[in-house]
Amino acid sequence: MQHVNPTGMRNPTDNQNGESSIIDLTHESPAVVRHTDRSIVEQTVSSLDTVHSACDTSQVSNATEATCSNMPYELNQNIEAVPQKMEEDLSLFSIDFDDANVIFDITDASTIVTSIYDLLPEDDNRQILTCFKEHFLQGRRLDSLDEEHFLTGGDGQVSDLIVNRSEHLLSDTLIAFSRWDYNPRLPIRVKFIGEFSEDFGGPRREFLDLAVTEAMERFFVDGAPKPGSLPNGVFRSIGILLAQTIIQGGPNPKLSAETVYNLATEECDGNAAMEELVSGFKMCGLIQLIAARPSIRYLLMGNTTNLTVAKFWSIVTIKFTDENKARERQVIRMFNMYMQNVCNKPREVGTRVLTMGSILRFFTGVSSIPLTGFSPKPSIEFIREADYLPQSTTCLNLLKLPLWNNTVNQMTPFAAMDHAFSTTAFGNP
């Protein structure tokens, strides 16, 4: 089935005419395509608490149970968000967390690990983490199984996060994780404000990639917490974020060996940031999992190598067709040459620098391979000759390459890939 930029798909051509085509998932197949005006008012909410207090839980779809945040998932384009600007610097506000009122606590996570102790593999660290993830998470399935599941959606509870990728993404996230009603066992479902996407895996992975990258750059040095003072609760929320990226298919946070050791032994030596980090990891069950299977701590250390072309091809399946196989092989050869070029020297496109991680993130949402791998397996398909820019469906980890000639629309294939892989938004590059 050929889709015209359905929700959850990334199509770099959508911004040419000022409108985007998205499939209405509320209709039965064949999918109904509608055109949506892109003129969305860009406003910044003061915090997720402001949005939470203004939400009517009756607006939540009957197909999906009310989430822990009680926010309606679909944002009305004309909604007037509170225009107050939240202080970007986390040192200017405090997270007041009350352990007595949480709906899910460390004891609950410990009970889960104890209950599955005999089911955990002994030697394979990735399988240990996968087994834990399958039993720890509840609610809606974490990732799309296939195209049919992607188009029809999935039932079950989720934890909704509504964020702006351009500003306050990390600080709004940490506030959300500090809420008393946040449940770490629910899959995160992300809505990027002003973008056209339905999250069945891809937007969540991209959100985690963006949030974890910012957190590690701002609050860590070489994988260890930066010295200095932060308000109570900030590093606890950071701990939850890093634990969730491990559990829910985000990037490896690449913690230092010393940090992982301190997490495993809970030896903080009066380091308040480390104590809070341990608390966040404990809430998500990872400290308890390390105690049950100590070898898993080696998986969490930041000794992973950068993505190479050889590693890329080891995780990607190519879906050739019988009628165009010869031409498709030429496209793959050209794409492989492009990746070799990027791998040897990152390509500069305007103010952006393209790396192998940029290519991977374009169609999976994440710039490095998650610790538990991808589900479903990343793949490449080919699209009609009229298309000249690569497209993707990040929820399915699917890259779509055009059947290029030598030049297309006065743009070389390398230039087309530069333009596509520098795209950073869903339906609104």
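**Close-up 1. Glutamate 195 is a buried residue, with a relative accessible area of 5%.** Here buried means under 20% relative accessible area, exposed means over 50%, and partly exposed is in between, using a 1.4 Å probe and protein chains only. Keep in mind that this is a predicted model: local features need pLDDT of at least 70, side-chain atom pairs count only at pLDDT 80 or more, and totals for chains, interfaces and linings use all residues. Residues are numbered from 1 along each chain as its sequence is written, and side-chain values use heavy atoms, with hydrogens and water left out. Glutamate 195 makes a salt bridge with arginine 165, and the closest N and O atoms are 2.6 Å apart. The two partners come from distant parts of the chain, 30 residues apart: glutamate 195 is in the loop between strand 5 and helix 6 (202–219), and arginine 165 is in the loop between strand 4 and helix 5 (169–177). A salt bridge is counted when a side-chain nitrogen of Lys or Arg is within 4 Å of a carboxyl oxygen of Asp or Glu. Helices (H or I, at least four residues) and strands (E, at least two) are DSSP runs, numbered from the N terminus. Arg165, Glu195 and Glu206 are linked in a network of salt bridges.

**Close-up 2. Aspartate 160 and arginine 189 form a salt bridge, with their closest N and O atoms 2.8 Å apart.** This pair also links distant parts of the chain, with aspartate 160 in strand 4 (residues 159–163) and arginine 189 in strand 5 (residues 188–192), 29 residues apart. Aspartate 160 is buried at a relative accessible area of 3%, and arginine 189 is buried at 7%. The count for the model comes to 10 salt bridges.

**Close-up 3. Lysine 319 forms a salt bridge with glutamate 381, the closest N and O atoms being 3.6 Å apart.** Lysine 319 lies in the loop between strand 8 (317–318) and helix 13 (325–344), and glutamate 381 in strand 11 (residues 379–383), so the pair ties together parts that are 62 residues apart in sequence. Lysine 319 is partly exposed, with a relative accessible area of 40%, and glutamate 381 is partly exposed too, at 28%.

**Close-up 4. Strand 13 is largely enclosed by the rest of the structure, because 5 of its 5 residues are buried.** Leu398, Lys400 and Pro402 point one way from strand 13, while Leu399 and Leu401 point the other way. Strand 11 pairs with strand 13 in the parallel sense over 5 bridges; two strands pair if DSSP finds at least two bridges between them. Strand 12 (residues 391–393) runs antiparallel to strand 13, joined by 3 bridges. Which residue of strand 13 is the bridge partner of glutamate 381? That would be lysine 400, which is also the bridge partner of glutamine 391. Strands 12 and 13 form a hairpin with 4 residues between them, and asparagine 397 in the turn has a positive phi of about 55 degrees.

**Close-up 5. Leucine 403 sits in the loop between strand 13 (398–402) and helix 15 (413–421).** Leucine 403 counts as buried, at 9% relative accessibility. Leucine 403 and phenylalanine 382 are 21 residues apart in sequence and 6.6 Å apart in space, C-alpha to C-alpha.
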